[in-house]
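User: I would like to learn how to read a protein structure, one feature at a time. Could you walk me through this one?

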Amino acid sequence: MSSMNPGPFNRAGPGPSSSHPWQLPRLLTWTAPFPSWADICSNVCEALQNFFSLACGLAGSSRIQVLSVYVAQNQLECILPFVEVKGNFPRLQACVNELRNLPREERIRPGGECLKLAVQDGLRQFKQYSRQALVCGSVTGSTVEITVLTHQPGKRIMNELERGLRDINVDNLRRVQIIEISKGEAQEPDDDEEWSPLLMEQTDSPASLTLGSVLDLQMVGNEVVGLEMFFKSWLQDQGADREHLHLFLPAATAADPAALPGAADTPVCLKCDIQERMLSPSLLGGPASGPGRKTGGGEDLQASYQITAHPGAPLYRLHVIRALRSKGVCESVLYGLPLILRPTGCWQLDWDELEQNQHRFHALCHALLKRGWLLLAESQFRFPGSGLRDPSLGSFYVILPSNSFSLLVKAVASRELLLPCPLPALPDGPEATALGDVESALDRLLVEPTYNPLQAVTHLYRHLRRKLTKSPRSRSLARRGELQSSEQAPPAQPKRARATVVAPIKTSTVSSSLPGPPPGPKPSSEPPLFSEEDEEFLLGM
């Protein structure tokens with residue numbers, strides 16, 4: 001394969017680190033007045049419970065660091081303070097049970113002030129948590145992302161936040177994402193809905209521009225799969241601080257008549273972001289070492305044969321060395337999980353470079369489809385401490401086009417990895433009786449045009465919940481929660497418990513302009529860890 005070697009090109013950038021989270025700290029706020037909450041409660045709680053079981057059950061470094069949950073209805077409640085997600089499944093399960101037990105029949109006023117206070121208090125609690133984490137030596141982000149789940153018109157919620165949060169300090173706020181849970185499937189926001197004119201009328205206000213730049217509206221259908229997919233997006237690396245991969249196409253030569261002036265010997269570089277298509281089943285068990293934690297030479301060697309979407313991964317460089325026909329690769333020599341390539345959205349690139357990169361990516365997708373080609377690309381990995389004469393370790397990838405604005409990358413085996421596998425040609429004319437039996441059996445199958453993975457259920461979430469609730473840490477937290485709940489709950493008039501808040505919610509500093517003091521949070525105590533349904537399931541298992 002030496003003839004394919006385009007020259008030394010190594011990965012650049014910092015190595016992957018298992019100590020850094022995949023995502024920012026998150027604050028989840030619910031604002032769903034009656035009867036909206038009754039319409040969405042079951043689907044939202046089931047989707048959230050499935051997500052928690054998956055996020056806590058993944059091996060390796062935590063993909064979501066810390067989470068807090070608020071409820072903003074007729075009064076403000078913090079039912080889960082900022083806690084680390086990994087290793088805290090009992091507390092997260094108790095939070096879901098609290099959401100299930102929220103009132104569904106009492107008349108609740110949709111108060112914009114309460115939502116504003118939830119955001120303000122969440123930012124205050126995050127600053128306090130960050131200071132405590134810094135003292136303890138924990139790693140935490142400097143900004144938080146707030147997600148508001150609502151069944152009300154999303155643009156109205158955004159309008160309220162624009163007005164209510166115009167004067168607050170948003171230095172620690174990365175983004176406010178308003179998720180409008182629509183009736184049925186997700187729809188685009190209605191253009192006829194009332195929209196806030198603040199950004200158009202007050203363009204001279206820096207505070208208004210700053211707040212408008214962090215507000216985002218998204219529609220999600222009121223069904224479990226759609227809500228589950230939204231929560232799963234938190235497990236993906238969505239950072240735009242840098243591009244993930246550079247794809248180099250062959251450079252033009254001076255004799256090429258199509259070469260532009262000054263473009264000779266300069267390869268065409270496409271800057272791409274990497275997106276995972278699925279979670280690796282290998283992450284559902286095994287040791288808790290992170291993707292970049294090096295425990296021996298074997299893991300160093302394995303890292304050279306795979307591209308990952310981990311945010312701490314290096315900048316990958318792939319050089320295209322061959323073009324292949326669309327049916328020129330045997331499926332048996334492809335390995336590993338496929339990855340999606342998209343044109344980068346890195347904010348550090350200037351607008352002209354981003355636009356040119358988008359055009360080139362579009363042109364490549366179009367040309368590959370038109371020609372019926374695949375691309376064979378090579379990457380080389382140089383180990384730390386290797387000498388100049390030591391050869392780099394190479395790996396090969398196939399890049400496939402699609403009808404979407406993306407490319408698919410699959411690792412392909414090299415000579416060193418290939419095992420002998422005789423593949424005799426298929427004989428003509430099978431035996432008539434056997435052919436009839438097989439065709440009769442095949443005729444009884446239901447034929448569908450495509451495979452829909454959303455319809456293939458393996459009961460993984462239930463298995464993960466069972467595994468997480470039977471861990472020693474979970475049993476210890478469960479016993480402690482039951483003891484505290486029995487000590488704090490009044491015997492005569494039992495009330496729904498609340499999660500312990502890191503610090504009491506103070507509203508006096510943010511409510512001076514209100515006509516009256518808003519109602520404070522309900523008294524807090526440790527919540528029951530599992531609902532009756534979950535306890536019956538665990539006993540039955």
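**Reading the model step by step**

Analyst: Helices (H or I, at least four residues) and strands (E, at least two) are DSSP runs numbered from the N terminus. This is a predicted model, where local features need pLDDT of at least 70 and side-chain atom pairs count only at pLDDT 80 or more, while totals for chains, interfaces and linings use all residues. Residues are numbered from 1 along each chain as its sequence is written, and side-chain values use heavy atoms, with hydrogens and water left out.

User: How many helices and strands does the chain have?

Analyst: The chain comes to 13 helices and 13 strands. A contact means heavy atoms within 4.5 Å. Among contacts between residues at least 6 apart in sequence, 81% join residues at least 24 apart.

User: How do I read "buried", and what share of the residues is buried?

Analyst: Buried means under 20% relative accessible area, exposed over 50%, and partly exposed in between, with a 1.4 Å probe and protein chains only. Here, 42% of the 541 residues are buried. Phe51 is one of the buried residues, with a relative accessible area of 1%.

User: Which residues does Phe51 touch?

Analyst: Leaving out residues up to four places away in sequence, Phe51 touches Ile64, Phe231, Lys232, Trp234 and Leu235. Phe51 and Phe230 are 179 residues apart in sequence, yet their C-alpha atoms are 9.6 Å apart in space.

User: How do I read an aromatic pair, and how many are there?

Analyst: Rings of Phe, Tyr and Trp (its six-membered ring) pair if their centres lie within 6.5 Å; planes under 30 degrees apart count as stacked, over 60 as edge-to-face and the rest as tilted. The structure holds nine aromatic pairs. One of them joins Phe51 and Trp234 edge-to-face, at 5.6 Å centre to centre with 90° between the planes. Phe51 lies in helix H1 and Trp234 in the loop between H7 and strand E7 (245-249), so this pair ties together parts that are 183 residues apart in sequence. The rings of Phe230 and Trp234 are also edge-to-face, because their centres are 5.9 Å apart and their planes are at 70°. Trp234 is buried at 1% relative accessibility, and Phe230 is buried at 5%.

User: Which residues form the aromatic cluster?

Analyst: Phe51, Phe52, Phe230, Phe231 and Trp234 form one aromatic cluster.

User: What is a nonpolar core, and which residues touch the most other members in the largest one?

Analyst: In soluble globular proteins, nonpolar side chains tend to be buried together. A nonpolar core is a set of buried Ala, Val, Leu, Ile, Met, Phe, Trp, Tyr and Cys residues joined through side-chain atoms within 4.5 Å. The largest core has 42 residues, and Leu28, Trp30, Leu99 and Phe231 touch the most other members. Elements that each supply at least two residues of this core include strand E1 (26-31), helix H1 (36-57), H2 and helix H7 (224-232). H1 gives the largest share of this core, twelve residues. Apart from it lies another core of 31 residues, among them Ala118, Met158, Leu165 and Ile178.

User: What does Phe231 contact?

Analyst: Setting aside neighbours within four places in sequence, Phe231 is in contact with Leu28, Val44, Ala47, Leu48, Phe51 and Leu149.

User: Is helix H2 mostly covered or mostly exposed?

Analyst: H2 is mostly covered, with ten of its twelve residues buried. Among them are Phe89, Leu92, Cys95 and Leu99. The helix takes in residues 89-100 and reaches 17 Å from its first C-alpha to its last, close to the 16 Å expected at 1.5 Å a residue; the expected span is 1.5 Å times one less than the number of residues.

User: How many disulfides are there?

Analyst: A disulfide is a covalent bond between the sulfur atoms of two cysteines, and here the cut-off is a pair of cysteine sulfur atoms within 2.5 Å. The structure holds zero disulfides. Cys95 is in none, and the nearest cysteine sulfur, that of Cys45, is 8.6 Å away. Cys95 is buried, with a relative accessible area of 1%.
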